[in-house]
Amino acid sequence: HDPALGMGYGMLPPNGAKSKIPAVSYVSDEYRRANVRYGDLTLHVRGAFHGNFVDAPLWAPWGLVMRPLSLVVPAAGPADPLAVHDQLAESAMAFLEGGDPLRESVMAGNLFERVDR
């Protein structure tokens, strides 16, 4: 789910709309600067660009493909791609196991910054 999609449907504050389904959103550096947030908890993944949320940074050579591409489009940020994917997976698992987006373990990654409303 792309949290920016909520902007077009009036699902983001300040209108106060809230889903009945608990939700955690993870946002890139670009989305953080744009103040995109959604759900019960929004976590900024520091050093991640929009492209870090796909698998390309894991298999494309950083110096030959991802870094030069990032000069043109937000392909991948400076954060270690493995650390980004590991911390996203651990956070998502903690959320799924407990169902509480505000559990401390959901926010445990050192790349995460909580985005307050």
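A contact is defined here as heavy atoms within 4.5 Å. Among contacts between residues at least 6 apart in the sequence of the protein chain, 57% join residues at least 24 apart. The model is predicted, so local features need pLDDT of at least 70 and side-chain atom pairs count only at pLDDT 80 or more, while totals for chains, interfaces and linings use all residues. Residues are numbered from 1 along each chain as its sequence is written, and side-chain values use heavy atoms, with hydrogens and water left out.

The protein chain has four helices and three strands (DSSP runs numbered from the N terminus: helices H or I of at least four residues, strands E of at least two). From the N terminus, their order is β-α-β-α-α-α-β. Of the 117 residues, 42% are buried (under 20% relative accessible area; exposed is over 50%, partly exposed in between; 1.4 Å probe, protein chains only). The chain exposes about 6900 Å², and carbon and sulfur atoms supply 61% of that area.

One aromatic pair was counted (ring centres of Phe, Tyr or the six-membered ring of Trp within 6.5 Å; stacked under 30 degrees between planes, edge-to-face over 60, the rest tilted). Y26 and F112 form this tilted pair, at 5.9 Å centre to centre and 45 degrees between the planes. Y26 lies in strand β1 (residues 24-27) and F112 in strand β3 (residues 112-114), so the pair ties together parts 86 residues apart in sequence. Both Y26 and F112 are buried.

Most residues other than glycine have a negative phi. N35 is not a glycine, yet its phi is positive, about 60 degrees. N35 sits in the loop between α1 (29-33) and β2 (41-45). N35 counts as partly exposed, at 35% relative accessibility.

How values were computed
Areas by Shrake-Rupley, 256 points an atom, 1.4 Å probe, with all protein chains shown as cover.
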